[in-house]
Amino acid sequence: MTVIVSPPTGAEQAGALAERVFGAALATFDLACIHIGHRVGLYDALSTSEPRTAAQIAERAGTDERYTREWLEQQAATGIIDCVDANAKPLEFTLPEGHALALRDPKSLASVAGFARATIGALSALNLVVDAFRTGAGVPYAYYGADMREGIADTNLPMYTHLLPDWLRAIPDVHARLREPGAHVADIACGIGHSTRAIAGAYPHARVDGFDEDEASIERARALATERTRFYVQDASDPSLAGSYDLVTIFQAVHDMNHPVEALTTAHGLLAPHGALIVADQKVPHAFSAPSEDPMERLSYGFSVLHCLPVGRIDHDAAATGTVMRPHTLEVYAREAGFAGVEILDIENDFWRFYRLRPRA
């Protein structure tokens, strides 16, 4: 028997969209309140086992009691923390053990605080982005402030801490060279240097140089520098650096660059004979579809509209790539930069796709 399903009416579509937007508003408020709790230390003031009142938590965090109580009730109402007895006077709260792992351990692969902060950071220049829609101009990266800068770094820290050594071990010739004395690595667009320090930590004989054009990022990176890491506020185009690196890495940055071909050309010039360039960028589908069933594509488009496209349009002749950089786009950039081709590496990751750019012989 054939069942005929009628398409939704206009009123039903409107109702479904209204429900979706309502849910999105709830989720947005959750992100904002997670951000507040992380920034002012309220999660650290909670206990996973000892129930505490708003007054006790405020005292431990050094926050105002009334604001703290409202935040605690919001967090309990939305299910992020537990309220021991909703009828008690005063109310007492605890933090579930699993949620503590996600909210208090910045190196946990389950950590969410950095992602929440980066999302808030993406919204911080919203009025400037609105203006950019009318003018076609870009929005400088620095205008997004510490929340974006630190949020991105905190989001990536767990992967660099736990997974980056495995990524490099999956590339046998690169792994072998980095284990040798004198190995030299350039980490381009290093941000505050979590990736730079992770490479140095995984390979005791390697010296790792981090490059970034954002002064605030490099200032923070230098404060955290280790013995075999150095950081520079520049684009790595210094001629004296040509041909001196066994490995060049660009993690989650090519899509942000105003001039990606020029950046990849510079990276090509940095490579020593038999050196390797490894690029990691968003793991989006190879082709556009609508509506997309891929959550990473939807997430990437959101960040692209609010952040990555605006910062990638500072120059009038910018490539304006956006966050959704599909493999064929990187292939075009790489060939224009003088590479022979692009290989997608067999490295499993839910968020990033890994590429090796092959220099011409």
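Ala, Val, Leu, Ile, Met, Phe, Trp, Tyr, Cys and Pro count here as nonpolar, Asp, Glu, Lys and Arg as charged, and the others, Gly among them, as polar.

## The model

This is a predicted model, in which local features need pLDDT of at least 70 and side-chain atom pairs count only at pLDDT 80 or more, while totals for chains, interfaces and linings use all residues. Residues are numbered from 1 along each chain as its sequence is written, and side-chain values use heavy atoms, with hydrogens and water left out.

The protein chain has 15 helices and 10 strands; these are DSSP runs numbered from the N terminus (helices H or I, at least four residues; strands E, at least two). The C-alpha trace spans about 75 × 60 × 50 Å along its principal axes. Of the 361 residues, 44% count as buried, where buried means under 20% relative accessible area, exposed over 50% and partly exposed in between (1.4 Å probe, protein chains only). Contact means heavy atoms within 4.5 Å. Among contacts between residues at least 6 apart in sequence, 64% join residues at least 24 apart.

## The second largest pocket

Pockets and cavities are found on a 1 Å grid over the protein atoms alone: a cavity is a set of points where a 1.4 Å probe fits but cannot get out, a pocket is an open set with protein on both sides within 12 Å along at least five of seven lines, and lining residues have an atom within 4 Å of a point. Grid points are joined across faces, edges and corners, and a volume is the space filled by probe spheres set on the points.

The second largest pocket has a volume of about 540 Å³. It is lined by 18 residues, of which Thr119, Arg298, Leu299, Gly302 and Phe303 are the closest to its centre. By type, the lining divides into 12 nonpolar, four polar and two charged residues. Helices α1 (10-40), α6 (113-123) and α14 (295-311) each supply at least two residues of this lining, and α14 gives the most, with seven.

Helix α14 has 17 residues and reaches 23 Å from its first C-alpha to its last, close to the 24 Å expected at 1.5 Å a residue (the expected span is 1.5 Å times one less than the number of residues). A kink of about 65° is centred on Ser304; the bend at a residue is the angle between axes fitted to the seven residues ending there and the seven starting there.

The buried residues of α14 include Met296, Phe303, Ser304 and Cys308. Among the elements that cover the buried residues of α14 are α6, α7 (126-135), α8 (145-162) and β8 (271-282). Thr323 is found in the loop between α14 and α15 (327-336). Thr323 is buried, with a relative accessible area of 3%. Leaving out residues up to four places away in sequence, Thr323 touches His255, Asp281, Gln282, Ser300, Phe303, Ser304 and Cys308.

## The cavity

There is one cavity of 30 Å³ or more. The largest cavity has a volume of about 30 Å³, and its lining consists of Leu164, Trp167, Leu168, Ile171, Phe251, Ile278, Ile347 and Phe354. These divide into eight nonpolar, no polar and no charged residues. Helix α9 (residues 164-169) gives the most to this lining, with three residues.
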